[in-house]
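Take a first look at the structure below. Then follow a short walk through its parts.

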Amino acid sequence: MAASVGRICGAGLFKSNKTNCLRQIKSFSTTREWTTGKKTLFGSLGVLAGGAGVLIYALDKSVRASDLELHPPENPWSHSGWFKSLDHASIRRGYEVYKQVCAACHSLRFIAYRNLVGVSHTEDEAKAEAEEQMITDGPDESGNMFQRPGKLSDYVPGPYANEEAARAANNGAFPPDLSYIVLARHGGEDYIFSLLTGYYDAPAGVILREGQFFNPYFPGGAISMAQALYNEAIEYSDGTPATASQLAKDVATFLKWTSEPEFDDRQRLLIKVIGISTILLAITYYAKRFKWSSLKTRKIEFRPKNK
Amino acid sequence: MSLSKTIYNTLFKRSSTFALTCVVSAFVFERGFNLGCDTFFETINKGKLWQDIKDNYTQ
């Protein structure tokens with residue numbers, strides 16, 4: 001082991017060879033032969049392209065003050081970061097919020113009760129959650145649909161039979177399905193949090209129609225959903241104080257999980273990818289230096305023929 | 001006989017033992033690497049994962 005480490009270091013693996021690189025660029029670069037005009041042209045093209053890139057980046061990062069909607073600020077989520085997992089206690093509380101508040105109008109049709117097992121609920125608890133719901137099943141022998149208590153394999157039933165029924169019950173506005181809402185909205189979980197806590201009285205000049213409310217985070221400002229989360233709107237089973245911001249944070253975390261159920265696995269995989277890539281990169285670097293060493297250290301001698 | 005020579009003679013010299021060494025070391029590395037990565041993930045996320053909170057809900 002010591003011998004091989006000594007050999008690696010002895011071969012100058014970590015020695016800087018900057019002068020070598022510079023010499024190669026100087027000797028082999030074809031730009032040396034360009035005319036001044038061509039050099040100027042390509043130089044200005046490069047500067048222009050770089051400048052355009054910087055401009056586009058700066059425009060994207062600007063405050064977007066000309067928009068009429070308010071963009072949500074970035075919140076310090078416990079799952080934001082390279083290796084951070086979702087907060088599963090928060091997912092569980094968020095499910096309580098969804099069930100007791102959001103589910104009155106919003107469906108969650110891509111989440112089955114079995115998905116909750118091992119994420120926020122034990123198998124028995126998820127079964128109990130499913131059994132609380134009546135699911136339409138069938139047809140039976142006589143061809144009729146029938147109601148039965150839910151099973152683990154059932155998807156979360158929605159509050160309305162179809163979109164038209166939902167619109168008819170909500171002043172013509174359709175409450176969107178919440179399964180993938182975090183991925184479907186600009187700003188993600190920050191938007192959900194800001195929207196749920198961002199209800200204000202409409203400023204002068206903003207005209208709201210019947211059944212509309214003012215929310216600056218909603219595109220257009222007029223939202224048909226009334227403020228749903230208030231302090232102590234529900235009572236958490238784990239005793240967490242149910243402030244409006246706590247409810248919004250928990251339900252945003254829950255919806256982040258419903259949108260990206262693979263989130264934790266992805267974070268876990270990132271650690272492995274970085275680890276393996278580091279090892280492979282080191283091996284590749286060593287192998288390259290090893291294979292090229294004979295080529296790099298050779299000398300070509302020119303001996304003119306003596307006549 | 002030095003250590004590297006012993007390793008060479010017992011493991012790498014014959015193709016049969018060399019192939020076996022590759023397979024066994026790949027298995028050991030894979031298990032160890034996965035275990036290490038998972039331990040790291042579970043350490044920095046302690047208290048947030050389901051395995052940390054599930055005892056509150058099971059009797």
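What follows goes from the layout of one chain to the interface between two chains.

Keep in mind that this is a predicted model. Start with chain A. Chain A is divided into two parts: domain 1 covers 88-111 and 155-261, and domain 2 covers 267-292. The C-alpha centres of domain 1 and domain 2 of chain A lie 45 Å apart.

Now turn to the partner. On the side of chain A, 24 residues are in contact with chain B, and chain B contributes 16 residues. The size of an interface is often given as the accessible area lost when the parts come together. Here, chain A and chain B bury about 1,800 Å² between them. Of that area, 67% is on carbon and sulfur atoms. In chain A, the most area is lost to chain B by Arg268(A), Ile271(A) and Lys272(A). Together these residues make up 30% of what the chain A side buries.

Which helices of chain A each supply at least two residues of the side that touches chain B? They are helix 4 (88-100) and helix 11 (263-296). Helix 11 of chain A gives the largest share, 8 residues. By class, the side of chain A that touches chain B has 10 polar, 7 nonpolar and 7 charged residues.

Notes. Residues are numbered from 1 along each chain as its sequence is written. Chains are lettered from A and ligands numbered from 1 in the order in which they are written. This is a predicted model: local features need pLDDT of at least 70, side-chain atom pairs count only at pLDDT 80 or more; totals for chains, interfaces and linings use all residues. Side-chain values use heavy atoms; hydrogens and water are left out. Domain bounds come from an automatic or database domain assignment. Contact means heavy atoms within 4.5 Å. Buried area is the accessible area (1.4 Å probe) that two parts lose on being put together, summed over both. Helices (H or I, at least four residues) and strands (E, at least two) are DSSP runs, numbered from the N terminus. Ala, Val, Leu, Ile, Met, Phe, Trp, Tyr, Cys and Pro count as nonpolar, Asp, Glu, Lys and Arg as charged, and the others, Gly among them, as polar.
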